[in-house]
Amino acid sequence: MVWVLTDTERAGASRLLGPGNVWWQFEPFRFAGSALYRTLASDGFVIDQRTPVNHTQVVRMVRANW
């Protein structure tokens, strides 16, 4: 089992006013389209569970053949 902390899923770009009144820009993001996901998937891992936490997500991946 592997736990991954990553950006939350975003279909489009968004902005968030952060500390110090600085705007943070977030581009569209899909974990399943990331290099980390491709690496883990090539080693036999599949997404088992996702838990969104603010602007991040916790993804649990398990081996597909287990």
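E9 is partly exposed, its relative accessible area being 29%, in what is a predicted model rather than an experimental one. The side chain of E9 takes part in two of the contacts described below, one with R50 at 2.8 Å from N to O and one with R30, where the closest N and O atoms are 3.8 Å apart.

**Salt bridges**

The structure contains four salt bridges. In the bridge between E9 and R30, the closest N and O atoms lie 3.8 Å apart; because E9 belongs to the loop between β1 (2-7) and β2 (14-18) while R30 belongs to the loop between β3 (22-26) and α1 (35-42), the pair ties together parts that are 21 residues apart in sequence. R30 itself counts as exposed, with a relative accessibility of 53%.

The bridge from R50 to E9 has an N to O distance of 2.8 Å, and this pair links distant parts of the chain, since R50 is in strand β4 (residues 45-53) and E9 in the loop between β1 and β2, 41 residues apart. R50 is partly exposed, at a relative accessible area of 35%.

R60 and D48 also meet through their side chains, with 2.4 Å from N to O; R60 lies in strand β5 (residues 56-63) and D48 in strand β4, so this bridge ties together parts that are twelve residues apart in sequence. Both ends are partly exposed, R60 at 22% relative accessibility and D48 at 40%. Through salt bridges that share partners, E9, R30 and R50 are joined into one network.

The three bridges named here are set out below.

| Salt bridge | N to O distance |
|---|---|
| E9 and R30 | 3.8 Å |
| R50 and E9 | 2.8 Å |
| R60 and D48 | 2.4 Å |

**The nonpolar core and F31**

The largest nonpolar core is made up of seven residues, namely V4, F29, F31, L40, F45, V59 and M61. In soluble globular proteins, nonpolar side chains tend to be buried together. F31 is buried, with a relative accessibility of 1%, and, not counting residues up to four places away in sequence, F31 touches V4, T6, E9, L36, Y37, I47, R50, Q57, V59 and M61. Among these contacts are the core members V4, V59 and M61, but also E9 and R50, whose side chains meet in a salt bridge.

**Aromatic rings**

The count of aromatic pairs comes to one. In that pair the rings of F31 and Y37 have centres 5.6 Å apart and planes at 75°, so the arrangement is edge-to-face. A further contact with a ring involves a charge, as the charged end of R15 sits over the ring of W23, 4.1 Å from its centre.

Notes: Residues numbered from 1 in each chain as written. Predicted model: local features only at pLDDT ≥ 70, side-chain atom pairs only at ≥ 80, totals over all residues. Heavy atoms only, no water. Helix = DSSP H or I, 4+ residues; strand = E, 2+ residues; numbered from the N terminus. Buried < 20%, exposed > 50% of the residue type's maximum accessible area, 1.4 Å probe, protein only. Core = buried A, V, L, I, M, F, W, Y, C linked by side-chain atoms within 4.5 Å. Contact = heavy atoms within 4.5 Å. Phe/Tyr/Trp six-rings, centres within 6.5 Å; stacked < 30°, edge-to-face > 60°. Lys NZ or Arg CZ within 6 Å of the ring centre and 35° of its normal.
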